Amino acid sequence: MSLRHHAPAVLAGLLLVLSAHPAPAQMPFDDPVLERMRKDVFFLAGPECEGRGVETKGIERAADYVVAAFKDAGLRPAMKDGSYFQPFTITAGVKLDKPTKLVLTGPAGDAKELKLGTDFNPMGFSPTSKASAGLVFVGYGVTAPKLKYDDYEGVEVAGKIVVMLRRIPRYGEKGEKRFDTTAPSADESEFAPFAAKIENAVAHKAAGIIMVNDTTAAGPRDPLPQFLNHAMGTEPAPFPVMFVKREVLDPLIATGPVRTVADIEALIDKDLKPRSFDIKGWKADAEVSVVKTEFKCKNIVGVLDGHGPLAEETVVIGAHYDHIGYGQFGSLGGAAGNGKVHYGADDNASGTTGLIELARRFGAVKDRQGRRLVFIAFSAEERGLFGSQFYCKNPLFPLDTTAAMINMDMIGRTKPVPTDWLGVAEKKDRLIVYGTGTGDGFEKLVDAGNARTGDFRLTKLAAGSGPSDHDSFYRKKVPVLFLYTGTHGEYHRPTDVPEKINVPGMKKVADLVEYLAAELATRDRPKYFATKDPWSDPTETRSARPAGPKLSVLPDYNYEGEGMRLEGVNAGGPGDKGGLKEGDVIVEIGGKPVKNVGGYMTAMSGTKAGTATDIVVLRKEKRVTLKVTPE
């Protein structure tokens with residue numbers, strides 16, 4: 001289970017105590033199903049797989065093991081090239097390195113090296129790159145044929161560094177006076193984003209970009225965007241993209257028809273006619289050095305085709321097979337766990353074992369009728385659900401014909417719990433099933449399956465969001481079910497070993513999923529519902545549940561810019577009701593600045609449930625103030 005998405009409980013230091021006693025060895029089972037599942041989990045959580053960290057060779061051994069099991073079960077590869085692997089790359093970190101510089105040389109040959117962070121910043125779109133060329137001012141860098149406007153008309157920019165204003169002309173105007181009346185607002189104009197300006201410069205064969213704030217973005221401070229603001233999750237430009245202060249650009253503009261950036265901006269905005277020109281005698285030498293930590297990862301996708309009228313629809317059964325390796329990332333083992341293999345037997349060799357077992361069972365069914373079954377072992381879940389997010393952005397089978405997704409994560413530690421308040425009745429194994437509110441009939445379906453298979457002490461929760469891969473599908477409007485046996489003191493520690501797995505309990509979970517998948521493959525397609533319920537874990541102690549007001553939002557734990565970017569906003573929650581949107585960057589709550597996730601938690605602790613507070617977000621580079629009432 002993803003630590004980053006589980007962060008509120010982790011940040012509070014609220015997991016159970018680390019067990020000090022070694023687990024007894026497990027003996028082989030007489031039951032052949034139990035024995036093969038035991039062997040699966042012991043291999044996946046064995047030393048040869050090195051904790052299945054995305055940075056280890058051991059994860060490759062685990063991947064090969066899963067592929068072999070899929071082949072033996074009769075699953076066909078999902079990729080067009082005949083592979084089971086859906087490859088993707090994650091960026092685990094980005095930072096600027098030396099040399100990173102911008103030097104401006106004037107007509108007299110005098111060179112001035114600008115000060116990084118004060119006079120200029122490279123934008124995060126910049127790769128490691130260099131450019132040395134003359135300068136051409138191209139207004140807002142916009143080419144809009146339908147609007148009869150082109151900043152590149154009449155100037156030759158091939159091989160030159162283009163200098164441009166941020167945003168679009170008349171950014172602050174309303175009504176018919178706006179520049180782009182085809183868009184609801186200036187922010188939503190297709191010509192305003194940085195990426196659009198970069199793409200246009202590339203189309204005109206420019207060698208680089210120097211950008212400057214327009215008046216509306218500059219305000220009184222003329223801030224420079226931070227490199228990290230756009231370094232993650234964006235397509236890199238093929239050249240340096242530099243951002244400078246207006247006062248730096250003014251002397252260069254003065255060699256043209258006007259004296260300052262403000263003057264030329266006012267002229268363009270006045271009559272919506274481009275004022276582009278060569279900045280004669282000036283050249284720039286730009287260099288950016290970027291260090292990225294990247295990992296090549298792969299989902300494993302096998303398919304059992306459907307038959308009959310529902311054959312072109314899909315049910316996805318998934319589990320993540322990665323873990324945290326030697327604990328350099330995400331360990332809760334402290335100094336004692338540093339550098340040790342974090343075996344991840346429950347998290348999530350157990351779910352992967354369940355996935356393999358179900359592939360075997362369904363693969364053995366001849367002439368199975370109903371929807372296709374797609375089995376996916378996701379990678380990079382522990383880094384932030386990257387594998388499932390990648391699949392949902394690049395689905396191998398359309399998501400609009402995907403009837404449901406069933407996820408298994410940490411299904412190996414079920415234990416008997418009381419079934420009544422007094423503890424008099426017979427105990428039953430505990431199982432938590434999330435997502436029962438995301439599809440019509442899901443709660444009854446789970447109850448029926450439980451009666452037929454496991455007879456668990458069920459806790460059913462409606463929420464479709466959460467810290468595992470089902471979340472990615474839920475956010476794409478696919479009904480989901482997520483099965484989980486609960487947290488424990490070995491979570492994200494070296495002591496999460498296969499000897500502690502309850503194999504019979506793990507098999508019972510697989511039995512239930514088999515029933516659910518078989519039913520979802522043949523019954524009427526469930527209708528999707530967005531739930532108002534936030535993620536919560538009933539297996540944590542009471543103190544483990546973060547107290548205080550909540551917005552029911554999902555932070556983007558991979559965002560490294562200033563503020564807290566929202567990866568998701570739970571439908572019907574207080575954030576949703578207050579107007580927060582996915583992609584917003586919260587920078588202020590109740591007058592308190594928010595620099596990161598920690599700052600968000602601190603600021604939220606100063607709010608009151610039921611009392612409206614001002615929340616300031618950056619939305620497409622614009623500050624927006626919202627009234628939000630935490631709950």
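Helices (H or I, at least four residues) and strands (E, at least two) are taken here as DSSP runs, numbered from the N terminus, and on that basis Asp537 is placed in the loop between α13 and β19 (553-555). The model is a predicted one, and its protein chain averages a pLDDT of 91, with 94% of the residues scoring at least 70.

**Confidence**

- Over residues 7-21 the pLDDT stays under 50, and for this stretch the model has 31 contacts beyond four places in sequence.
- Residues 542-546 also have a pLDDT that stays under 50, and for them the model has eight contacts beyond four places in sequence.
- Where pLDDT is low, the predicted coordinates should not be read in detail.

**Nonpolar cores**

- The largest nonpolar core has 66 residues, and those with the most contacts inside it are Phe70, Ile300, Ile317, Phe375, Leu483 and Leu516; helix α13 (residues 503-520) contributes the largest share of this core, 10 residues.
- Leu483, leaving out residues up to four places away in sequence, touches a set that includes Ile406, Met408, Ile411, Leu431 and Val433, and also Val509, Leu512, Val513 and Leu516.
- A second, separate core of 44 residues includes Tyr149, Ile161, Phe227 and Val244.
- In soluble globular proteins, nonpolar side chains tend to be buried together.

**Helix α3**

- The 16 residues of helix α3 (residues 58-73) should span 22 Å at 1.5 Å a residue, and the C-alpha atoms at its ends are 23 Å apart, which agrees with that expectation.
- The buried residues of α3 are Gly58, Ile59, Ala62, Ala63, Val66, Val67, Ala69, Phe70 and Ala73, and what covers them includes α2 (32-44), β2 (85-105), β11 (277-304), α9 (345-363) and β13 (372-378).

- Asp537 counts as buried because its relative accessible area is 3%, below the 20% cut-off; its side chain makes a polar contact with the side chain of Tyr484 (2.6 Å), and another with the side chain of Thr539 (2.6 Å).
- Asp40, placed in helix α2, is buried as well, with a relative accessible area of 2%, and, not counting residues up to four places away in sequence, Asp40 touches Tyr65, Thr353, Ile356 and Arg360.
- Phe456 lies in the loop between α11 (442-452) and β17 (457-461) and counts as buried at 3% relative accessibility.
- Phe456 and Arg430 are 26 residues apart in sequence, yet their C-alpha atoms are 5.8 Å apart in space; beyond its neighbours within four places in sequence, the residues in contact with Phe456 include Thr414, Lys428, Asp429, Arg430, Leu431 and Asn450, together with Gly505, Lys508, Val509 and Leu512.

**Cysteines**

- The structure holds zero disulfides, and for Cys49 the reason is distance, because its sulfur is 16 Å from the closest cysteine sulfur, in Cys297, which is too far for a bond.
- Cys392 is likewise in no disulfide, the nearest cysteine sulfur, that of Cys297, being 16 Å away.
- Cys49 counts as buried at 0% relative accessibility, and Cys392 counts as buried at 6%.

Definitions and conventions. Residues numbered from 1 in each chain as written. Predicted model: local features only at pLDDT ≥ 70, side-chain atom pairs only at ≥ 80, totals over all residues. Heavy atoms only, no water. Disulfide = S-S within 2.5 Å. Buried < 20%, exposed > 50% of the residue type's maximum accessible area, 1.4 Å probe, protein only. pLDDT = per-residue confidence, 0-100. Contact = heavy atoms within 4.5 Å. Core = buried A, V, L, I, M, F, W, Y, C linked by side-chain atoms within 4.5 Å. Expected span 1.5 Å × (residues − 1). Polar contact = N/O pair within 3.5 Å; in protein donor to acceptor, adjacent residues only side chain to side chain.
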